[in-house]
Amino acid sequence: MPLLPEEPQIHESVQGPVATPASSRVAPTPRPVPGPRPAAPARPGRPGPPRPAPPAQRAPRDVAPAEPTPSAPAVPAAPAAGPQIQLIPASAEGALDAAEEALDLLLDSGRAPGEVLVLTTGARHPWAEHELSFGEASYWAQHDAGDDVFYADGAMAARAASRPVVIVAVNGDDTAAATALPVAHTRAGTLLIVCGDPQQINAVLGAGV
């Protein structure tokens, strides 16, 4: 067995730093990054109060919640306008002729014959007298066909159907006019032409007609 050289003995009386070999040094352990601390466990026998739940996430303040758009108030439907009224001054004797002239102007302007109803408050139109001689059934059948001008007196006005244009010849007395004119106004779709005395007509239909 080989002999080892004797290691020098270091006496306690010798003062000085003790050198540590570099290879024997231990690198310092890096400190861990602090993270969220776990909840402390409750002590046995003394349970602690429950931890409050995290607050709910709030919407950003600059974004306002959408508000319902108020609906527009309902607008009531406008009442249906009545027919336009035209007054042709004429005497009781000349009212029928004035009505015939008004009819000719309408037909010449392109108005279809089936769109016109002619009423009289006094004596009947000659055409009505002629057609009624064949019986009322034949007379009203022509009315229902609606393909030609129809003539009727004031007493029959309530039975006649509405047409776009109604012409009234006021060739009777005030009582007959007061009965026929309001009915003629309801039967006229767009235009009511009244031939007669303006004062008598205004008294029935109202001033300003």
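Buried means under 20% relative accessible area, exposed over 50%, and partly exposed in between, with a 1.4 Å probe and protein chains only. The structure is a predicted model, in which local features need pLDDT of at least 70 and side-chain atom pairs count only at pLDDT 80 or more, while totals for chains, interfaces and linings use all residues. Residues are numbered from 1 along each chain as its sequence is written, and side-chain values use heavy atoms, with hydrogens and water left out.

Helices (H or I, at least four residues) and strands (E, at least two) are DSSP runs numbered from the N terminus. Helix α3 spans residues 136-145 and buries Tyr139, Trp140 and His143. These buried residues line one face of the helix, because they fall within an arc of 85 degrees when seen down its axis; the arc is that of the directions from the helix axis to the C-beta atoms. Ala137 and Asp144, on the other side of α3, are exposed. The cover over the buried residues includes α2 (126-132), β3 (150-153) and β4 (163-169). Contact means heavy atoms within 4.5 Å. Beyond its neighbours within four places in sequence, Tyr139 contacts several residues, among them Trp127, Phe150 and Met156.

A salt bridge is a side-chain nitrogen of Lys or Arg within 4 Å of a carboxyl oxygen of Asp or Glu, and the count by this rule is three. One of them joins Asp153 to Arg124, with the closest N and O atoms 2.7 Å apart. Asp153 lies in β3 and Arg124 in the loop between β2 and α2, so the pair ties together parts 29 residues apart in sequence. Asp153 is buried at 10% relative accessible area, whereas Arg124 is partly exposed at 33%.
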